[in-house]
Amino acid sequence: MDCVGIIGYGHMGSMLVNGFLASGVLGTDEIVVASRGQKSRDACAAAWPRIGIAATNRELVRRCRTIIIAVRPQEMREILHEIVPVMDGDEHIVSLAAGISLQEIEGEFPGSVTRAIPTVTSAVGQGTTLVCHGRQVGMHDALRVEGLFSSIGNVVLVGESDIPAATLLSSCGPGLLAAIIEELAGATARASGLPPGRALVLATGMVAATAAYLRETGKAPGDLIGEVATGGGVTEVGVQGFREALPAVFDEVFAAMLERCDTVGKGGSGQAFK
Ligand SMILES: NC(=O)c1ccc[n+]([C@@H]2O[C@H](COP(=O)([O-])OP(=O)(O)OC[C@H]3O[C@@H](n4cnc5c(N)ncnc54)[C@H](OP(=O)(O)O)[C@@H]3O)[C@@H](O)[C@H]2O)c1
């Protein structure tokens with residue numbers, strides 16, 4: 001009964017199952033998975049033959065006390081309406097859904113609720129899961145959930161009002177950076193005879209090495225720029241170009257993403273969750 005249930009075996013659900021099992025924080029007898037499609041359930045059973053698979057979300061809820069809901073925000077309401085009537089009230093719901101507040105979930109389930117926002121890079125044990133506990137969450141449950149997510153990277157506790165902007169960085173960030181890597185590789189390929197694939201390998205390696213250098217030396221980005229951009233040199237021209245153009249681009253992009261945060265989970269039209 002103290003199993004961890006994961007509803008939704010999509011990108012996040014499968015990443016969590018793989019991460020929790022690969023890290024050893026849970027064994028196959030401690031996880032139960034439910035997903036809407038038979039194909040997803042079969043994929044999970046094939047990947048982890050001894051794992052618990054529930055035929056329905058209600059069956060999962062009967063077998064688990066910690067219930068991680070890894071479905072799209074617009075599917076949250078339907079799931080809660082389905083599972084809450086068969087819950088005792090002492091379970092702990094952990095929602096991954098972007099844009100669905102604790103208050104909205106607590107309106108359906110007046111027990112322990114936590115929001116957790118992982119990131120796709122947790123699949124390689126790196127990256128940050130943002131965690132925000134609701135008022136009903138006791139110390140034991142809080143530590144249990146933080147321990148689970150610590151097994152796949154870092155955990156940072158945040159206030160709920162900070163989640164949207166922090167999510168842009170920690171969770172959407174890998175997508176944003178991947179788009180920048182594409183642009184760096186594209187510009188390299190266009191300006192040279194290098195095939196795009198090789199330029200992409202160069203760009204990805206450079207970004208990974210730069211992050212490792214900053215992390216390991218503890219230097220600020222400005223320090224690194226000073227080391228590379230010698231006065232009047234090539235890098236200085238590029239850095240100056242970026243500094244002129246990028247703040248406006250980034251502010252515009254972040255504003256558009258924050259606006260989207262306000263509507264995601266509300267059917268895309270801004271209508272209320274309930
Ligand atoms: N992707 C990210 O980087 C990221 C990061 C942080 C947070 N999140 C949040 O994580 C959540 C999941 O995102 P995702 O990218 O994993 O989405 P996804 O790949 O579309 O997966 C969603 C899963 O939910 C399942 N599902 C839908 N309705 C269901 C139902 N009624 N009962 C059981 N399972 C149901 C689907 O099952 P079938 O495939 O079996 O139909 C699908 O596997 C979202 O709320 C998102 O906001 C995502």
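Trainee: Which residues lie nearest the centre of the second largest pocket, and how many residues line that pocket?

Mentor: Good place to start, and keep in mind that this is a predicted model. As a general idea, rolling a probe the size of a water molecule over the atoms shows where empty space is left. Here, the second largest pocket is lined by 46 residues, with V71, R72, P73, L96 and A97 nearest its centre. Two or more lining residues come from each of α1 (11-23), α2 (38-47), α4 (76-83), β6 (112-117), α7 and α11. The volume of this pocket is about 1400 Å³.

Trainee: Which domains supply at least three residues each to that lining?

Mentor: Domain 1 (3-166) and domain 3 (223-266) each do so. Sorted by class, the lining of this second largest pocket holds 22 nonpolar, 13 polar and eleven charged residues.

Trainee: What is the volume of the largest pocket?

Mentor: The largest pocket comes to about 2100 Å³. Its lining has 45 residues, and L177, I180, V207, T210 and A211 are the ones nearest the centre. The elements giving two or more residues to this lining are α7 (163-170), α8 (173-190), α9 (196-217), α10 (221-228) and α11 (234-263).

Trainee: Which element gives the most to the lining of the largest pocket, and how does the lining split by class?

Mentor: Helix α9 gives the most, with 13 residues. By class, you will find 28 nonpolar, 13 polar and four charged residues in the lining of the largest pocket.

Trainee: Now the surface. Which residues form the nonpolar patch there?

Mentor: To read a patch, look at its members together with the elements that supply them. In this structure L177, I180, V249, F250 and V253 make up a nonpolar patch on the surface, and together they have about 370 Å² of accessible area. F250 is a residue of helix α11.

Trainee: How many salt bridges does a search of the whole structure find?

Mentor: Six. One to look at is E106 with R135, where the closest N and O atoms are 3.9 Å apart.

Trainee: Where do E106 and R135 lie?

Mentor: E106 is in helix α5 (residues 102-108), while R135 is in the loop between β7 (128-133) and α6 (139-150), so the pair ties together parts that are 29 residues apart in sequence.

Key: Residues are numbered from 1 along each chain as its sequence is written. This is a predicted model: local features need pLDDT of at least 70, side-chain atom pairs count only at pLDDT 80 or more; totals for chains, interfaces and linings use all residues. Side-chain values use heavy atoms; hydrogens and water are left out. On a 1 Å grid over the protein atoms alone, a cavity is a set of points where a 1.4 Å probe fits but cannot get out, and a pocket is an open set with protein on both sides within 12 Å along at least five of seven lines; lining residues have an atom within 4 Å of a point. Grid points are joined across faces, edges and corners, and a volume is the space filled by probe spheres set on the points. Helices (H or I, at least four residues) and strands (E, at least two) are DSSP runs, numbered from the N terminus. Ala, Val, Leu, Ile, Met, Phe, Trp, Tyr, Cys and Pro count as nonpolar, Asp, Glu, Lys and Arg as charged, and the others, Gly among them, as polar. Domain bounds come from an automatic or database domain assignment. Patches are made of residues with over 30% relative accessible area and no salt bridge: like charges are joined within 9 Å, nonpolar side chains (Val, Leu, Ile, Met, Phe, Trp, Tyr) within 5 Å. Accessible areas come from the Shrake-Rupley method with a 1.4 Å probe; for residues, only the protein chains shown count as cover. A salt bridge is a side-chain nitrogen of Lys or Arg within 4 Å of a carboxyl oxygen of Asp or Glu.
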